[in-house]
Every structure is written in structure tokens, then in C-alpha cells.
Amino acid sequence: MQFEFSHEQKLIAESVARRFEQASDVQGTQDPRETIRLLNDLGIFEHAILDCVTAVAVAYELGKILAPPPWADMMAASMTFPTQTLNVSALCEESTLLAIPLRHETSFSKGEVTGTAMLPVAKALALLPSPHTGNPGWLLTEDIVSCSNSARTIDESIEIAHAEINNPAREIGSSSERDLSNLRLLLILGEMVGAATACFEKTVEYAKERKQFDHEIGSYQAIKHMAADAAMQLEAMRAAVEYAAWCTDSAQVDAAERSAALFSARSIVGEQAKTIAEKCMQMHGGIAFTWDYGLHRFLKRIVFWRNTAILPEQAGRELAELMAQADSVLENAPLEAT
Amino acid sequence: MDVAFTAEQGAFRRQIRSWIKENLAPDWGGPRFVGAEDEAENASFQQEWERSLHAAGFQGIHWPEAYGGRGKTIIEHLIVSEELGRASAPEGINTIGKELVGPILLALGTEEQKRELIPRILNLEDIWCQGFSEPGAGSDLAGLSTKAVLDGDHWVINGQKLWTSFARFANKCILLARTDPTKPKHKGLTLFMVDMNTPGITVRPLTQITGRQEFNEVFFDDARVPANSHLGEVDGGWHAAVGVLGYERATARLYRQARFLAEFRSLITILREKGLLVDADIILKSRAGALLAELRALRLLNLRTASRIANGHPIGPEASVIKLYWSEMHQRIMDFAMDALPGPMVTGDSQVERFRFLYLHSRAETIYAGTSEIQRNIIAERMLGMPRRG
């Protein structure tokens with residue numbers, strides 16, 4: 001048993017962190033095309049290059065710097081589809097974005113997809129669950145989807161597109177065992193954990209420096225205890241997401257356990273990442289409320305994903321449903337190597 | 001990353017699971033969840049259970065074979081703990097011996113002490129109690145005032161200990177006492193191994209919130225113990241106690257998660273039988289799911305700790321994370337029971353008696369073995385490096 005990132009997994013995540021540190025303007029501009037270019041330079045979008053656990057380690061780093069979508073959609077797609085079906089790396093080279101709708105209502109006939117979709121970014125190819133085959137079949141629009149109407153979100157660095165889709169599309173099967181939707185959720189969970197981690201680290205440093213009543217505020221138990229709770233929640237979040245990723249990678253884990261692991265991670269991260277970011281604001285005091293200090297960006301990114309993709313209450317209900325269907329979910333998984 | 005157990009570890013799990021099935025009364029974990037109300041009867045029942053576990057080779061799993069242990073790793077210890085928890089097996093009477101004294105002896109005892117005392121813990125010849133807390137020293141343990149003064153070839157002990165579980169049935173006490181009042185409070189303390197039959201020791205039981213009497217007060221009035229009764233260095237007791245406590249906090253109670261999960265299973269069954277948790281109960285369902293997610297996360301924290309130890313990494317303040325997590329989560333599960341079964345939880349509904357008991361019992365869990373507030377201080381100061389004051 002080795003329940004932590006391997007040396008290689010850490011190295012890959014560190015190389016991503018370093019690459020983005022060197023290109024420091026990315027954090028300022030939040031250009032999604034620049035983000036995917038840098039990731040592509042590192043080979044991240046090559047099919048089958050990443051296992052899910054490594055992908056989560058990378059997602060942590062991208063969450064820390066608040067990289068804008070749709071890198072998670074593209075990473076999940078590159079991990080799911082073989083290159084001959086969908087070459088994500090080639091799309092990156094052309095600066096073409098690929099996005100999975102947050103919501104959609106579409107139909108497909110005569111090679112054309114029509115309907116509406118809400119995408120996490122404007123001007124992208126849309127990857128839609130196929131109405132013919134259901135999951136895991138997917139439709140890829142062949143033209144860039146033009147957005148009829150884009151809208152700001154609570155997170156200023158994410159502009160969603162309400163798109164009228166009327167495009168040629170081709171149906172692409174999912175030849176991989178991986179489930180694209182779940183993989184995308186896993187990466188978003190990783191991103192949220194990364195964002196919460198960075199937000200918390202910034203807060204702990206602040207509490208060690210900021211003085212009130214002649215002492216560092218971090219020396220007061222009111223602050224210490226809030227920070228300790230956040231540290232505890234972060235540990236639980238990391239364990240839940242990394243385990244869900246490992247379950248996705250591991251052949252010996254059955255489908256019920258894999259689903260339970262993902263529902264659990266959604267329930268825990270969805271609730272706790274938001275709580276951590278809120279506590280971090282409280283521990284910072286007034287400066288947290290200012291635009292320029294930037295702490296608000298972590299909170300906004302976390303609640304954006306919480307409310308559009310992760311939906312912790314729904315995940316809790318789904319886990320309760322699963323309990324009713326599979327008794328094994330109410331037992332510790334044996335996790336025995338085959 | 002690899003979270004899997006090996007095939008051998010899987011086989012070991014099946015072995016203990018089938019042993020428990022054959023040896024534990026079938027109604028355990030259901031209508032019977034604690035021993036008899038008569039504490040003496042309960043104590044002999046607990047001893048019998050622990051002896052049978054030892055005879056079957058399921059005690060001292062990760063302790064060295066030279067001292068009567070099984071010489072396996074922390075992972076096998078985790079497996080046994082999980083299986084005992086899964087069956088809601090009776091809690092032993094010698095938990096202080098196994099969870100506190102044994103590890104301290106293994107870390108700090110002389111070779112002679114280890115050879116003599118470790119086997120006696122495992123075979124229950126010695127039952128230990130813990131003389132740490134006092135009326136004036138709970139969270140501020142280092143402020144304790146029980147004194148030990150060297151008089152010729154004996155230490156003379158005077159003072160009072162409180163919340164001392166199992167003291168009535170213990171023949172040994174691991175005692176923390178002040179040996180040098182002139183030193184700063186953390187530095188003048190020594191750990192002693194005291195025979196409970198020593199003249200001058202009086203034990204008085206305390207009735208708890210649940211109506212049971214595991215707690216005791218222990219009085220020391222000129223109790224004389226041999227000069228070589230100390231464990232570790234004289235005046236080095238704080239270091240000894242704290243160093244081992246951290247590790248123990250992380251590893252000793254690994255069975256809890258599986259036990260809580262077993263309770264949760266049983267609670268879900270009751271809710272279903274009462275027609276609850278159906279489609280319309282959106283809020284209850286969502287809460288049930290969220291609690292299961294937390295129970296699963298607790299297991300992952302345990303697996304991570306075991307994996308770190310198995311791979312040779314030290315365990316420090318992260319042990320406090322686990323203590324804080326399980327103790328508060330267990331109370332949340334009982335809150336859920338309170339909300340889902342409001343009437344039955346406070347009236348005589350025999351089906352939920354276990355949860356009524358556990359609701360009350362769980363009040364202690366955020367207090368004993370370091371309160372939640374102390375755990376938070378440890379996490380903030382030792383894990384996050386936040387400044388100490390005063």
C-alpha cells in the first residue's frame with residue numbers, strides 16, 4: 001500500500017507548476033488558449049499519457065493558479081479518446097478549444113446537431129453526450145460553436161456561452177473504458193482542492209504576519225481553530241479525490257465502489273472547499289473583501305464549479321440511492337489486489 | 001499510488017473475519033452492543049473476549065515476536081482493527097495496556113521491562129489503567145500536582161487522579177506524577193508503573209452520563225512504590241507520554257471507523273424499516289449520503305496513516321486531524337439519528353436503544369484523549385506553524 005503520489009506523479013505535477021510559474025503572465029491574463037498551449041507543450045494532451053491519479057495531481061496545480069476552463073474538458077477528452085478518434089493535442093496546436101456543456105438540450109439527425117447548450121467558454125468545439133448511444137457515446141461538433149449570447153458568471157475569469165447549436169457533428173464512440181463525464185468531474189474536483197489549498201496557504205501565511213492587539217492574529221485560538229478545521233477538511237478532501245482517481249484507474253475496484261468514491265468526493269469537496277474558502281476570507285478580515293488582494297477569486301472559482309458541476313447535495317442523494325441498490329457501498333471495500 | 005491490500009493481506013482479512021463469525025455471539029452489534037450493566041460481570045466478559053482473541057493470535061499484531069507479539073506490520077493491525085470494528089466486537093478492558101503502556105514500553109522500556117511486561121499485557125495477566133488527568137489538570141495536563149518523592153529505595157506518591165477508566169479492575173497503573181516541582185512544569189514529570197494493590201491507593205467509581213461506571217477517581221495517600229518503578233527517564237515523563245500519545249492517537253483506534261460504519265448500516269436499516277429514506281425524503285437522503293461520504297473519508301485517512309507508517313514515514317500532528325475528524329463526525333451521525341428518529345431517540349423504543357446510548361456516549365469523544373480544542377491547537381501550532389502564546 002502506497003497511498004500517496006509516486007515520485008513520478010509528483011514530478012509531472014511539479015513540471016506543470018514550474019511551466020506556469022515561468023509564464024507568469026498566464027495567471028494575469030487567464031487566457032484559456034495560452035493555458036492549453038502550455039499544457040500541450042508538456043505533452044499533457046497526448047492520449048494515454050496520464051493515469052487518473054496523475055491527472056488529479058496536475059489538476060491540483062492548475063487549481064492553485066486558477067487556470068481557466070476548458071483545460072479539464074480537454075484533458076478528460078484526451079484521456080478518453082484515442083488520437084485517431086479525437087486528437088486533442090492537434091486541436092491545441094491550432095489553438096482550438098474543446099468544451100463539454102454544463103447543460104444542454106440538443107438533438108442529432110442527418111449529421112447535424114441542433115439545440116442549445118451552456119458551455120464554460122465561448123468559441124469552442126462542443127463535445128456532447130450522444131442522444132443515440134447515450135453515455136459513453138459522444139458527438140463532436142465539427143464547426144466552432146458560435147455563441148449567441150455570452151454571460152459573465154460569479155467567477156469573472158469564466159464567461160459562459162449560451163450557444164444555439166446548429167452545426168455538423170460526428171458521432172464518436174468512447175472506445176476507452178474511461179467515462180468522460182466522470183473524468184471531467186474528477187479533474188474539476190482536483191481543481192477545487194488545488195484552489196482551496198492555495199487559498200488556505202495564503203491565509204496561514206497572512207495569519208502569521210498580520211498583527212492585532214500587539215500579536216500575530218494566528219496566535220489567537222479563534223483563528224487557530226478555524227485554520228485547524230480547514231486543515232482537517234483539506235486532508236479529507238485530498239484523500240477522497242485521490243482515492244476516487246485511484247478507483248478509476250484500478251481494475252480490481254468494482255463499478256459500485258468506483259461510483260461511491262466519486263459521489264463521496266463530490267459530497268465532501270463540494271461542501272468543504274466552499275467552507276474553507278469562506279473561512280479563509282473570515283481569517284483575513286477586511287482585506288479579503290478587496291478586489292486587488294485577490295482572495296475572492298478562489299472562493300468564486302470554487303462556488304462556480306460547486307454549483308454547476310459538483311452539486312454536493314445531489315451527490316449525497318445519489319450516494320444514498322446507491323446504498324439502496326448495492327449493500328457493498330455500506331461496507332469498507334476489501335481493496336484486495338488481484 | 002496504490003491503495004490495494006496484497007493478496008496475503010486479503011487472506012489474513014478473511015481469516016480474522018471468519019474467526020470473529022465463529023467466536024462472537026451472533027446478536028452482537030445488534031440488540032447487544034455493550035456488555036452487562038453489572039460492571040464486574042462486564043469486566044470478566046471483556047477479559048474472556050480479549051483472552052480468546054489473544055489465544056487465536058489476533059493481539060499484538062504489529063508488536064515484535066520477541067515480546068509475544070505477532071511481528072506483522074501496521075497494515076495487518078489495521079485489518080484486524082477494521083474487522084473487529086465491522087462486527088462491533090466488544091471493546092476490551094485492557095485498552096490502556098495495549099494502546100498506551102505497550103507502545104511506551106516498546107519505545108522507552110528497558111529490555112527487561114519489555115520481556116517481562118509486554119507478554120503480560122497481551123495475555124491479560126496485567127490490566128492497566130491510566131493515571132494522567134486530575135481534578136485540576138485536564139487539558140493542561142502538564143499542570144498536574146500529584147507528587148512522587150524519593151525516600152530511600154521507594155517513591156512516595158500523594159495526589160488524586162480522575163476519569164480513570166477501568167481502575168477498579170486494573171492491577172497496574174501508568175501514572176504521570178511530578179518529581180521535581182522546581183523545574184518548569186513540563187520538565188519535572190515522570191512516568192511510573194504502579195501496582196494497584198499498593199497500600200495507600202483507593203479507587204472510587206464515578207457514574208457516567210450513560211449510567212455506567214467505567215470512570216473512577218483514584219487517590220494516592222503515601223503510596224510507596226519501588227525506586228525502579230519509573231518508565232523512561234526520571235523527569236522525562238512528559239516527553240515520553242506525548243511522544244507516544246501522538247502515534248497512538250493515529251493508530252490505536254483504527255477500529256472506530258469500521259465500527260461507526262457498522263452503526264451507520266444498522267441505523268439505515270432501522271430508517272428503512274420505519275419507512276424513512278424514501279424518495280420524498282430529499283433532505284434525509286442527502287444527509288445520509290453526506291455522512292457516508294465522511295465515513296468513507298475517515299477510512300481513507302486511516303489507510304493513508306497506515307500507509308505512511310508502513311513506508312517508514314513518521315506520524316506527527318496529523319494524528320490530531322484524525323482524532324478531531326472521527327470524534328466530531330460520530331457526533332454528527334448521532335445528530336442525524338436524533339433528527340431522523342426524533343421521538344424514538346428520547347423514548348423507550350428498544351430498536352434505537354443503541355443509538356440513544358451512543359448519542360450520550362459520543363459526548364465524551366470530543367473531550368477524552370485530548371479535547372477537540374486541544375487537537376485544534378496541535379494542528380494549528382505543529383502542523384501549520386502558527387505562533388504559540390503564553
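Is Asp235(B) buried or exposed? With a relative accessible area of 14% for Phe166(B) and 18% for Asp235(B), which falls under the 20% cut-off, both residues count as buried in this predicted model.

**Interface of chain A and chain B**

- Between them, chain A and chain B bury about 5,300 Å², and 60% of that area is on carbon and sulfur atoms; of the area that chain A buries against chain B, Met1(A), Phe3(A) and Asn332(A) supply 16%, more than any other three residues.
- The contact involves 58 residues of chain A and 58 residues of chain B.
- The rule finds 8 salt bridges across the interface, and one pairing of side chains in a salt bridge is that of Arg86(B) with Glu331(A), at 2.8 Å from N to O.
- Polar contacts between the two chains, with both residues at pLDDT 80 or more, number 25 residue pairs.
- On the side of chain A that touches chain B, at least two residues each come from helix 7 (180–209), strand 9 (215–216), helix 8 (221–249), helix 9 (255–284) and helix 11 (312–325) of chain A, and helix 8 gives the largest share with 17 residues.
- By residue class, that side of chain A divides into 31 nonpolar, 13 polar and 14 charged residues.

**Fold of chain A**

- Chain A contains 11 helices and 9 strands, and because its radius of gyration of 20 Å is close to the 20 Å that the globule rule gives for 338 residues, chain A is as compact as a globular protein of that length.
- The C-alpha trace of chain A spans about 75 × 45 × 35 Å along its principal axes.
- Of the 338 residues in chain A, 58% are buried, and among contacts in chain A with a separation of 6 or more, 72% are between residues 24 or more positions apart.

**Two buried residues of chain B**

- Lys161(B), in strand 3 (residues 154–161) of chain B, is buried with a relative accessible area of 0%, and a polar atom of its side chain lies 3.0 Å from the backbone oxygen of Phe132(B).
- Beyond its neighbours within four places in sequence, Lys161(B) is in contact with residues including Glu134(B), Leu144(B), Leu176(B), Glu217(B) and Phe220(B); Asn216(B), 55 residues away along the chain, has its C-alpha atom 8.4 Å from that of Lys161(B).
- Gln113(B) is part of helix 5 (residues 111–122) of chain B and is buried, with a relative accessible area of 14%.
- A polar atom of the Gln113(B) side chain lies 2.8 Å from the backbone nitrogen of Thr110(B), while the contacts of Gln113(B) outside four places in sequence are with Leu105(B), Ile118(B), Met193(B), Asn228(B), His230(B) and Leu231(B).

**Backbone features**

- Pro69(A) and Pro70(A) are joined by a cis peptide bond with omega of about 15°, and Pro70(A) is located in the loop between helix 4 (52–64) and helix 5 (71–80) of chain A.
- Phe166(B), a residue other than glycine, has a positive phi near 65° and sits in the loop between strand 3 and strand 4 (172–178) of chain B.
- Asp235(B) is not a glycine, yet has a positive phi of about 70°; Asp235(B) belongs to the loop between strand 8 (230–231) and helix 6 (237–251) of chain B.

Definitions and conventions:
Residues are numbered from 1 along each chain as its sequence is written. Chains are lettered from A and ligands numbered from 1 in the order in which they are written. Side-chain values use heavy atoms; hydrogens and water are left out. Contact means heavy atoms within 4.5 Å. Buried area is the accessible area (1.4 Å probe) that two parts lose on being put together, summed over both. A salt bridge is a side-chain nitrogen of Lys or Arg within 4 Å of a carboxyl oxygen of Asp or Glu. A polar contact is a pair of N or O atoms within 3.5 Å; within protein, one must be able to donate a hydrogen and the other to accept it, and residues adjacent in sequence count only if both atoms are side-chain atoms. Helices (H or I, at least four residues) and strands (E, at least two) are DSSP runs, numbered from the N terminus. Ala, Val, Leu, Ile, Met, Phe, Trp, Tyr, Cys and Pro count as nonpolar, Asp, Glu, Lys and Arg as charged, and the others, Gly among them, as polar. The radius of gyration is taken over C-alpha atoms; the globule rule is 2.2 Å times the number of residues to the power 0.38. Buried means under 20% relative accessible area, exposed over 50%, partly exposed in between (1.4 Å probe, protein chains only).
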